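We will go stop by stop, with a note on what to look for at each one.

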Amino acid sequence: MSFRNILNDSLVNLDNCGDEPIHIPGSIQPHGFLLAIDSSTSIITVCSANCQEFIGITHEQALGKSLSQLFDTAILDFIESFKVEDTKQVRTINYTLKETDYIISIHRSVAEIIIEFEPLHAQFDEKNSLYNSSKKLLSYIENTNSLLDLAAVVALGIKEITKYDRVLVYRFDKDYNGEVIAESKEAHLDSYLGLHYPHTDIPAQARDLYLRNHLRIIGDVDYVPVPLFKLETKESTRLDLSLSVLRSVSPIHIEYLKNMEVASTLTISLLHKNKLWGLITCHHSEPKYLSEEIKSAVKLHGHFITSQIDVRLLNEEFEIAGKATAALDDLISKRFELERTDIQHLIENESVLKLCNSAGFTAIIADKVYGVGKTPSEENTKRLALFLSEYVKGDHFQTDSLLSISNDLSFISSYFPGINYYSLNNETDCIIWYREEYIKDIFWGGDPKISDDSIERLTPRKSFAKYADSIKNHSRVWLKSELSTTTNFHNFLQIQLRTILLLEEKENQKRLHTILKDTNAELENINWISTHDLQEPLRKIRMMASVLVGGNELKALPEDVQSKILKMQSSAERMQNLITDILKYTKTGAQNSNFESIDLNILFAELNKEELIDSFTTNEATLLVGKLPNINGVPFLLKQLFSNVINNSIKFKSPLRNLEVSISDQTEAFNNDGPRYHIIEIADNGIGFDNEYKEKIFKIFSRLNNKEEYDGSGIGLALCKKIMTKHDGFVTADGTVGQGVKIHLYFPIA
């Protein structure tokens with residue numbers, strides 16, 4: 001059997017202390033001893049080198065043995081119940097070994113269970129002191145209002161219980177720089193109250209341990225670390241001591257404490273919303289250890305502070321919130337006529353500044369800038385709004401240091417480092433509150449910028465003398481109560497703007513309705529003129545042309561005059577047809593007949609008898625009509641629809657062959673997923689057209705052919721499309737040049 005020392009003896013200095021693996025030091029403090037067992041076999045896998053001082057057995061003798069070979073059933077039963085519980089928390093039990101009372105702490109570390117033995121310490125008038133401290137806890141709520149007051153009495157209470165020389169309550173900012181917000185100390189000591197410490201004093205890995213292990217004691221900074229020895233196995237790794245109560249401390253931290261002339265310390269973590277909010281730190285000028293009862297009492301004090309953080313912060317903001325709420329009530333209680341001028345009066349009211357104690361306020365609405373108080377220029381306001389519309393992910397953003405967001409915003413941040421931004425209805429519309437620079441004097445516990453390369457000591461903490469510094473390019477922080485009030489104002493303004501836009505849109509719709517009504521009246525007049533007044537002179541022109549063409553006078557006229565008279569007659573007839581088609585087109589839009597079920601077979605029989613038979617006989621054409629369905633529609637309009645499509649086929653017949661027009665039901669062929677439309681196909685073998693123009697042919701007055709060669713008004717197929725729309729259907733056309741056209745009419749089923 002072999003074992004090895006797992007002491008982490010790598011060199012730690014100021015350059016690499018930020019990466020120091022302080023959770024696996026491989027050593028412990030000497031005031032207790034440590035064993036680790038395999039969680040499944042209870043074989044001792046790790047043992048501290050000082051176990052012989054406590055239990056008379058060397059680490060060589062202990063390693064590899066079963067725990068049952070060294071201890072009685074009290075410990076063994078405790079370990080077994082811990083295994084069954086399967087918890088990640090630390091569990092403790094009092095135990096007497098060789099006439100010495102111990103507190104035993106156990107916890108899991110991967111596949112091992114760590115067992116730590118600390119001798120119990122009976123201290124001062126412990127019971128009476130703890131009783132009095134518990135009574136004081138109950139009075140804290142009644143006697144303190146602010147968080148600072150609460151922290152001060154907690155510091156005093158912990159000092160009375162523990163008898164440390166100094167007790168500090170230490171709060172972190174968002175970057176983990178610390179500030180001493182409360183202190184209780186012996187009279188001869190210099191005060192640290194109000195001093196700040198940089199985040200480097202407590203590096204990230206140390207903060208992580210404070211999150212996991214809420215109470216930490218260093219009984220004597222001059223202790224000599226006791227190494228841990230571990231059984232050699234293929235999977236041998238360093239033992240994780242994150243939750244250990246005896247874990248050895250970083251030499252850098254020991255140096256730090258010696259620079260402060262501190263001999264022993266106690267640290268309690270203050271957690272709020274699962275983050276490290278701060279610490280309670282106790283210092284003493286001599287070595288000092290605490291009993292388990294006192295440790296529990298001081299942890300209770302720490303929990304009490306953190307449980308009261310939100311309540312106390314709200315108390316501190318209550319007065320500010322009251323003033324902001326009063327300003328908001330004053331603004332929203334004003335009577336508005338819901339016009340843009342009233343919004344301008346609202347925005348330019350100085351009460352808007354009181355909502356969050358700002359220096360200025362601007363609003364951009366429909367590219368117009370409104371403002372009150374101290375604000376950037378209109379141009380710079382728009383530049384800032386454009387930047388924020390792209391930078392902000394959401395409707396709201398605030399900062400007390402605009403310079404930290406972007407160096408490109410110096411045109412604003414130099415004057416207004418604090419902004420509180422809300423987006424409005426579109427990308428650039430927004431409202432922004434501004435705060436001017438607030439130069440804050442901070443007193444550090446030693447100059448955080450000093451370093452000393454002449455000796456290998458912890459810097460900047462050789463000296464803890466007060467050092468003054470100033471923070472610039474910042475405004476005062478936006479408080480939660482202020483942000484809550486501005487959010488309420490933003491919501492109120494949004495509602496007002498939307499209401500105004502809706503009213504403006506309503507007025508615009510009324511105006512457009514009036515214009516449309518007047519336009520329709522004008523169109524009716526034009527329609528009347530087109531269909532009635534224009535037809536009278538046309539009839540006279542056609543009658544006179546017919547008289548000339550039908551008599552002998554025409555032959556007596558010169559040929560060029562004869563040609564002109566014939567063209568005049570043709571133009572008059574085309575104009576007559578155009579007027580007739582326009583009348584049909586407009587009547588289609590005004591048709592409000594109720595739909596009825598129509599048998600298309602009967603409709604085509606009537607249409608053929610009334611209109612089509614002469615046209616097909618004259619043109620030597622053939623009409624083939626298949627079995628057709630019943631559809632819902634207006635008979636008059638459907639006759640017009642089919643007549644126009646078929647006459648269009650006759651008009652564009654091919655000179656190379658006799659015309660054939662076929663009408664068939666294609667419903668089943670086209671509706672693969674089940675019929676939704678009745679599809680009527682009208683196919684011919686005429687001249688066809690290029691499919692590039694398949695949409696154009698349905699536009700009114702649109703023609704693909706020379707009007708001299710093919711007569712017509714260009715309204716026929718446009719009228720067909722309009723009729724199909726009225727029947728909640730649609731029409732398509734597919735042509736092949738020189739081969740013909742297929743028109744498909746889609747009528748909805750049901």
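What percentage of the 750 residues in the protein chain is buried? Buried residues make up 46% of them, where buried means under 20% relative accessible area with a 1.4 Å probe, protein chains only. Before you click further: this is a predicted model, in which local features need pLDDT of at least 70 and side-chain atom pairs count only at pLDDT 80 or more, while totals for chains, interfaces and linings use all residues. Residues are numbered from 1 along each chain as its sequence is written, and side-chain values use heavy atoms, leaving out hydrogens and water.

Colour by secondary structure to see 21 helices and 28 strands; these are DSSP runs numbered from the N terminus, helices being H or I of at least four residues and strands E of at least two.

**Stop one: a sheet**

Select β23, β25, β26, β28 and β27, which in that order form an open sheet of 5 strands with mixed pairing. Strands β23 (622-625) and β27 (730-736) stand at the edges with a single partner strand each, so one side of each has no neighbour in the sheet. From one strand to the next, the twist averages 15 degrees. Within this sheet, β26 and β28 (residues 740-748) pair in the antiparallel sense over 8 bridges; two strands pair if DSSP finds at least two bridges between them.

**Stop two: E681**

Zoom in on E681 in β26 (residues 677-684), opposite H744 in β28. The two side chains make a polar contact at 2.7 Å, that is, a pair of N or O atoms within 3.5 Å, one able to donate a hydrogen and the other to accept it; residues adjacent in sequence count only if both atoms are side-chain atoms.

Which side chain of opposite charge is nearest to E681? K742, 4.5 Å away, and the buried E681 has no salt bridge (a side-chain nitrogen of Lys or Arg within 4 Å of a carboxyl oxygen of Asp or Glu).

**Stop three: E116**

Finally, select E116 in strand β7 (residues 112-119). E116 is also buried without a salt bridge, and R216, the nearest side chain of opposite charge, is 7.0 Å away. Show S244, whose side chain makes a polar contact with that of E116 at 2.4 Å. The E116 side chain also reaches the backbone nitrogen of V245 at 3.1 Å.

Definitions and conventions:
Buried means under 20% relative accessible area, exposed over 50%, partly exposed in between (1.4 Å probe, protein chains only). Lys and Arg count as positive and Asp and Glu as negative; His and the chain ends are not counted. Axes are lines fitted to C-alpha atoms, for helices over the stretch in contact, and angles run from 0 to 180 degrees between N-to-C directions.
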